[in-house]
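Hi,

Here is the structure I promised to pass on.

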Amino acid sequence: MSPLPPGLHKWLIFRILLFLKQVLEAGVTKRCDKDTESPMPPYISRREDGRSPNFYVRLVAPTAVQPFLPKSEHVFRKSTGTADRRKAVVVGTEIIAAKRREWFALLQSAPVENSTVHKILTPQLVQQIAGARLHSWVETDRMERYGEEGLDEEELAAMEAFCCHTDAVMRSVLAQAKGSSKWSHVVADVLEWCSVLGYEIEKSDPQFPLLVRAFAKAERSAQQFIAARNRGDEPDEVTVAGPIGTRLSEMNAYFIEHKSTSVGPKPVSMAVSIWNRFIAFKGDVFLNDVSSNDIFEFFRARLFTDADPWTQGYVDGHVKRALRDFFALARTKSFMSEENPVMKLEMTPKLGEKERKSRLKPRYPFTSDKVNILFASEWYKPDSTQFTGKLRDDLAARYFGPLIGELHGSRVREFLQLMTGDILKIDGVLCFKFQIELPVDDGEAPESVQPESGGDVDLPARNLKNASVLRTIPVHPKLIELGFADFVAERSKLLGQAVPLFESSVPNPGGKSPMWGRAFEQSFLRYVRDTLGFGSGYAYHSFRHQFEDRIRDSQAVGGVWPAGLGQFLSGRKLSRDADKALFRDVGSEAEYGYGYRPSSVLPYLEKLDFQDIQFPKPFHEWLLQGI
């Protein structure tokens, strides 16, 4: 018997809290047949240390929500502001409802596709839905009752009140059907429960009244079972109608929890999106019901569809890996006993060579003409009114960003995550130090530093693509000639060593998935693609491809460079073991992963020919154009 998905237990408890709120608002304080003090719902209690007489709300964020919250917000605490039990219940319930609405909205805005599957009811599906409901109540009760803390008197009283109320409601529906005043309420519960399971059910379905009746029977059986336990009896285990197992949709929360500790939000959301597309294709079936043929047919459907077909590389790479990891996690956690269906694939569908190439997204290098068009365009007019947001004011990023790409071929996220302390001199050579660790300031920053200037802000962790990015390389002399060293020196003097080099790189506070330099990256992409009319395939990476072409041209004219040096400059992985061996033997920093000494690299960097590029005026002269 599989455990409940993380969010389900809390959903059921929330239903109990809503009932208690309704009872309190109606002024009802009776529990079945005798007066009693209104029970205190779970999650509302006084402080254990006795420092305040007031009642407090304490909630733990559902597992599915936690990846989108700071770790400090995984546990929510808030005072009801009152020591009165009755008021605390009303205020506390409102606090709980508001917080759960906030978490639900957060999940709804997450980049995860809807996994709801439209279903036509069959007798078997009716039994499965009702059986899952009964199973969920039994498992929830078991976790609450026999968990680490057990049930105190207040919690037991709340459960008894809820059992009594539910039994009466379900009896009314079973006896009167649509004539019951409770029918519409139970219908709403049925539809909500189907949504939790990932099913979209129409009330007009001919089998829907049978589903409501089966649901009511399951509810009544569950509450009778729980009520017997409340009396200290040992009821026989309930018989669950229909097969029980772990459904595909239940793996989302487990996967997010597992993966979020090792990778960022983007790859997690991509994998979950792929998984939900598979659910939409296959249906929210049990894990054990998925075969390798289902995987094959899913791949084929996504490759050969007319509506937004996937590329061969995406299917063979991201899609296959995501499904494999989901099923592997399910097997590891004993949610499925069958073999991983992805691992049983001995053949996958393939596109024809012509079609495969036509779907590849182009990635073109900049030509010298296009770079010169950019340097002479509105992008390099400091007084331009075309730019809004962060790029309107961060002239340094607008000026130096494309120049760093042209002269160094760096990835966009590499230069956008630079701090002032990452620009330093080694053996008299000014260098970029691409690293993840934040540099430590060599002294206190001036008191005038404001958050909008780059100081005294909470910065997200820096992430680089792979270990090859971690390197120390010399700054090209042309960049120094254009005023880069002076700009860094002035910014360091004003703000210190531990601030972002470019103000616009700092993500907006409070974002769900903060990313360094998003403002520059998106603005630059739109500008070259749309404003300059270069079209699709051109973006910041186009500098990188042109830079590597210049390395090849330099070697064609002046001789082959030392093994691995070209890859070292651009931060690419070394492809051959022979290159890796030689690369490790060169440079005093090799043991630390930095490779060549900057003074050894600089002569080769100077060999790159940029005579075809018409560079803008030096930075400080360029700024005067806007005055």
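R133 lies over the face of W193, 5.0 Å from the ring centre. K370 does something of the kind with F534: its charged end sits over that ring, 5.2 Å from the centre. (A charge sits over a ring here if NZ of Lys or CZ of Arg is within 6 Å of the ring centre and within 35 degrees of the ring normal.)

Before you go further: this is a predicted model, in which local features need pLDDT of at least 70 and side-chain atom pairs count only at pLDDT 80 or more, while totals for chains, interfaces and linings use all residues. Residues are numbered from 1 along each chain as its sequence is written, and side-chain values use heavy atoms, with hydrogens and water left out.

Now the overall picture. The protein has 23 helices and 10 strands; these are DSSP runs numbered from the N terminus, with helices being H or I of at least four residues and strands E of at least two. Among contacts between residues at least 6 apart in sequence, 74% join residues at least 24 apart, where contact means heavy atoms within 4.5 Å.

Back to W193, which also takes part in a helix contact. The axes of helix α5 (residues 183-197) and helix α6 (residues 208-230) come within 10 Å and cross at roughly 90°. That makes α5 roughly perpendicular to α6, the word used for 65 to 115 degrees (under 35 is roughly parallel, over 145 roughly antiparallel, the rest oblique). The axes are lines fitted to C-alpha atoms, for helices over the stretch in contact, and angles run from 0 to 180 degrees between N-to-C directions. On the α5 side the contact includes W183, V187 and D189, and on the α6 side F208, L211 and F215 are among the residues involved. The contact residues divide into 12 nonpolar, no polar and 1 charged. (Nonpolar covers Ala, Val, Leu, Ile, Met, Phe, Trp, Tyr, Cys and Pro; charged is Asp, Glu, Lys and Arg; the others, Gly among them, are polar.)

Next, the aromatic rings. How many aromatic pairs does a search of the whole structure find? It finds 47, counting rings of Phe, Tyr and Trp (its six-membered ring) with centres within 6.5 Å; planes under 30 degrees apart are stacked, over 60 edge-to-face and the rest tilted. W379 and Y527 have ring centres 5.4 Å apart and planes at 50°, so this pair is tilted. The pair bridges 148 residues of sequence, from the loop between α12 (368-375) and α13 (390-393) to helix α18 (residues 518-531). W379 is buried at 0% relative accessible area, and Y527 is buried at 3%. F487 and F502, with centres 5.9 Å apart and planes at 15°, are stacked. F487 is in helix α17 (residues 484-495) and F502 in the loop between α17 and α18, 15 residues apart; both are buried.

S504 is buried at 3% and touches K390, L391, D394, A397 and A519, leaving out residues up to four places away in sequence. V499 is buried at 4%; V499 and M419 are 80 residues apart in sequence, yet 5.4 Å apart C-alpha to C-alpha.

Cheers

Notes
Buried < 20%, exposed > 50% of the residue type's maximum accessible area, 1.4 Å probe, protein only.
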